[in-house]
Amino acid sequence: MTMLKQTPLNSAHRAMGAKMVDFGGWDMPVNYGSQIDEHHKVRNDCGMFDVSHMRVVDAKGDGVRAFLRYLLANNADKLTVPGKALYSAMLRPDGHVIDDLIIYFMTEQWFRIVVNAGTAEKDIAWMKQQAAAHAPKLTIISRDDLAMVAIQGPNGRAKVWQVLPQTRAATEGLQNFQAADCGEYFVARTGYTGEDGFEVMLPKEKAEELWYALNRAGVPPIGLGARDTLRLEAGMNLYGQDMDETVGPLESGLGWTVDLKSPRDFIGKATLVANPPARKLAGLVLLDRGVLRGHQKVRTAYGEGEITSGSFSPTLEKSIALARVPNGVQVGDTVQVEIRDKLLNAKVVKYPFARNGKGLIS
Amino acid sequence: MSNPGNLKYTATHEWVKTEADGTISVGITQHAQELLGDMVFVEAPEAGRKLKAKEECSVVESVKAAADVYAPVSGTVTAANSELDSAPENINSDPYGAWIFKMKPDNAADVAALLDAAAYQAVVDSEAH
């Protein structure tokens, strides 16, 4: 038996009645009752997530921007205003995806990077290896001393200001995808739900105090179950399901994050340019009764595809999915999904499926 | 919620209720619905289908996962609960009221041989360790 890793909020989750599961080696709350209720609370009001399993990495020193410009598929030069954030894939030389991450431009000496939990160790090893070769003056610091709480939903920011009034002045003017360093609290207007809100990075020993204070202010805890349906409705990729080290970003719906136009070179670029993708990521809505799930086969007029993420959408009250399909498949097509011994009809749609409290599929 | 004493159970988390006419109603237990979470889809077997004991015959799906439901004994399906088509969440709110299908057992003694509430609870407790 392996010991599961725990975040600083582990006992708080248990005290709040969470059902805990093994989430990639972490003992995490999947729900605190009804996952569907939790989903609706975030779309319509707000809720808080413990995302302390994710890893904060600080890249510090001279030349950090030039290093990230080479390391990542998206272009760090898009970040001109301090605090602004950028979503990017980090690729291997063969163009496959090591991870997806968010970088925050704080100063020309400091970029903050947030990476996935399950990939953190390999990401940091890769970054250090690349830094040693291309930017030896840089330091890559794993911030194991930090916890992270996401407060998401239309009323989320106001709740943060109520509980952490000292952060208000610095964060009131934040644009979407922008962060402010407020001393102990690093507050970012980012998230993984398709709703407005903040992600707050803070010292581990402060996490429980913030969690309970938010709860007293009326913010309910939300489990990773609802986090998954919220991000799927919002059309956001999940590393390990929608992309991994066997596929590239262009066949994973991440073309919008890959800058192939500027003369800038980056790791993986040559392979991407030389190998235009034959597949793409598409949104599906199930027309028949059932539930779409990852790894189900998709039959199309242009060949076979596969669902990468599928679930029930509480906002649409229909089953939805992301699927990797041949390029010829177009929005509006009807495709067939193999579910057990049946072939069920699904419609190809433009995603996101829902954001900002509303379904986007008619 | 404890497991009702008037029902029989399987080690695969189905409950079985013997009705006055000799048919049995089959559903999933409190423990099973709690493990699966919010139900969103139920696929019940069609009336007339002959089932063998332990055969996969129905699927219940929560937001999180799909789970097979097994025939508790051999027999013939007599009805499916169509209410669950539009209200699968009844399995969460009332697991011992929300039957999924009814069947006529080939042999009533097979039903008598299923687990009683205490024996089923022992199965649940052993899975927790």
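In which loop of chain A is the place of A:Phe177? Select A:Phe177: the residue sits in the loop between α6 (168-171) and β10 (179-182) of chain A. Helices (H or I, at least four residues) and strands (E, at least two) are DSSP runs, numbered from the N terminus. Before going on, note that this is a predicted model, in which local features need pLDDT of at least 70, side-chain atom pairs count only at pLDDT 80 or more, and totals for chains, interfaces and linings use all residues. Residues are numbered from 1 along each chain as its sequence is written, while chains are lettered from A and ligands numbered from 1 in the order in which they are written.

**Backbone stops**

Stay on A:Phe177 and read its phi: the value is near 65°, positive in a residue other than glycine. A:Phe177 counts as partly exposed because it has 17 C-beta neighbours inside 10 Å. The scale is this: a residue is buried if 20 or more other C-beta atoms lie within 10 Å of its own, exposed if 12 or fewer, and partly exposed in between, with C-beta atoms placed from the backbone.

Next select B:Lys54, in the loop between β5 and β6 of chain B. B:Lys54 is not a glycine, yet its phi is positive, at about 75°. With 14 C-beta neighbours inside 10 Å, B:Lys54 also counts as partly exposed.

Then go to A:Pro352, in the loop between β18 (342-349) and β19 (354-355) of chain A. The peptide bond from A:Tyr351 to A:Pro352 is cis, with omega near 10°.

**Sheet and hairpin in chain B**

Colour the strands of chain B. An open sheet is formed by 6 strands in the order β1-β2-β3-β9-β8-β5, with antiparallel pairing. Two strands pair if DSSP finds at least two bridges between them. At the edges are β1 (8-9) and β5 (50-51) of chain B, each of which pairs on one side only. Zoom in on β1(B): its antiparallel pairing with strand β2 (residues 14-18) of chain B runs over 2 bridges. B:Trp15, in β2(B), is the bridge partner of B:Tyr9.

Now select strand β6 (residues 56-62) of chain B, which is mostly covered, with 5 of its 7 residues buried. Two strands to show beside β6(B):

- Strand β4 (residues 39-43) of chain B pairs with β6(B) in the antiparallel sense over 4 bridges; B:Phe41 stands opposite B:Glu61 in β6(B).
- Strand β7 (residues 66-70) of chain B pairs with β6(B) in the antiparallel sense over 5 bridges; B:Val60 stands opposite B:Ala67 in β7(B). β6(B) and β7(B) form a hairpin with 3 residues between them.

**Where the chains touch**

Show both chains. Contact between them involves 8 residues of chain B and 12 residues of chain A; two residues are in contact if their C-beta atoms, placed from the backbone, lie within 7 Å.

**Domains of chain A**

Colour chain A as domain 1 (1-275) and domain 2 (278-359). These bounds come from an automatic or database domain assignment. The C-alpha centres of domain 1 and domain 2 of chain A lie 26 Å apart. Their contact takes 20 residues from domain 1 of chain A and 21 residues from domain 2 of chain A. On the side of domain 1 that touches domain 2, the elements giving two or more residues are α2 (35-44) and α8 (224-233) of chain A. α2(A) gives the most to that side, with 5 residues.

Which residues have the most contacts inside the largest nonpolar core? Select A:Ile103, A:Met148, A:Val149, A:Ile151 and A:Val200; the core has 132 residues. A nonpolar core is a set of buried Ala, Val, Leu, Ile, Met, Phe, Trp, Tyr and Cys residues joined through C-beta atoms within 7 Å. Strand β6 (residues 97-107) of chain A gives the most to this core, with 7 residues. Domain 1 (1-275) and domain 2 (278-359) of chain A both give residues to this core, so it lies between them.

Centre on A:Val200. Not counting residues up to four places away in sequence, A:Val200 touches A:Met148, A:Val149, A:Ile151, A:Val160, A:Tyr185, A:Val187 and A:Leu210.

Finish at helix α5 (residues 156-163) of chain A, whose buried residues are A:Gly156, A:Arg157, A:Lys159, A:Val160 and A:Val163. These residues cover an arc of only 160° around the axis, which puts them on the same side of α5(A); the arc is that of the directions from the helix axis to the C-beta atoms. Among the elements covering them are β9 (146-152), β12 (197-203) and α7 (204-216) of chain A.
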